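Here are a few friendly notes to read alongside the model.

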Amino acid sequence: MSLLSHLNTYFYRAEELCQALKISEETLLEWQESRIFPKPSYSIQNNIKCSSYLGLYECEEFTDYYPRGGVQWGQDLIKYKVQSSSQAYELFYQQYTQTLERCQQQALYCQDARFGDDLEDQIQTSWQQYLCSKYGTISQNGLIEEIVYIELGRAIVDELTEERTASSVDITVRPQLLKALKLLNRAISHQAKHEQNQSLRERYIDALVIKYDLSVK
């Protein structure tokens with residue numbers, strides 16, 4: 001699949017996002033300047049040469065792509081009348097902690113301080129990365145719950161595998177490791193072809209399934 005086909009399949013162009021939210025592109029820009037909505041995941045610059053019966057035409061076009069889950073976040077901003085970055089962060093914080101609690105209820109937890117005493121720092125860091133659209137690129141839909149799945153899943157995997165360096169894993173931890181991999185599989189993006197070799201999916205799922213003879217089906 002070509003890069004543009006990949007982006008058009010899994011992402012929204014800016015105008016599509018705005019249509020789904022029933023807002024103008026000016027409002028989207030204002031949201032971003034107010035730091036309540038993420039930047040685009042991908043920005044494409046095309047130098048176009050068009051040939052037709054009427055001659056040759058050249059132009060340059062710019063297209064921004066956003067994760068499809070951005071619609072849900074935008075709807076929440078509208079629903080709760082969010083105006084400031086501090087209000088947006090509180091909403092993000094609530095959704096993050098609620099998702100984390102659900103994971104912990106399913107026995108998905110680790111000893112990493114980021115999900116204990118340092119949780120507030122972890123959420124603040126995730127919020128800044130969310131605004132920069134890190135998660136709009138590496139997650140499947142750019143949803144807040146996927147952020148938790150990715151960061152918690154990675155922490156559990158690293159804890160159980162000595163940061164993926166262990167030559168094997170004990171049979172007693174395999175069920176927990178498999179749960180973590182399934183959590184990651186629900187959230188991590190299938191990257192564009194040029195990104196796949198260095199992707200989280202390659203490093204945290206595909207390589208470990210082979211290394212530890214696991215399955216995430």
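Predicted model: local features only at pLDDT ≥ 70, side-chain atom pairs only at ≥ 80, totals over all residues.

1. Which residue with a positive phi follows α3? Arg35 does, with phi near 60°.

2. Residues are numbered from 1 along each chain as its sequence is written, and side-chain values use heavy atoms, leaving out hydrogens and water.

3. In α2 (residues 14-21), Ala14, Leu17, Cys18 and Leu21 are buried (under 20% relative accessible area, 1.4 Å probe, protein chains only). Seen down the axis, these fall within an arc of 95°, so they line one face of α2. They pack against β1 (11-13), α3 (25-33), β3 (55-67) and α4 (70-79).

4. In α3, the buried residues are Leu28, Trp31 and Gln32. They cover an arc of only 95°, which puts them on the same side of the helix. Their cover includes α2, β3 and α4. On the other side of α3, Glu26 and Glu33 are exposed (over 50% relative accessible area).

5. Do look at α5 (residues 85-105) and α6 (residues 119-131), which pack at about 120° with axes 10 Å apart. Residues in the contact (heavy atoms within 4.5 Å) include Phe92 and Tyr96 of α5 and Ile123 and Trp127 of α6.

Definitions and conventions: Helix = DSSP H or I, 4+ residues; strand = E, 2+ residues; numbered from the N terminus. Arc of directions from axis to C-beta. Axes fitted to C-alpha atoms, helices over the stretch in contact; angles between N-to-C directions.
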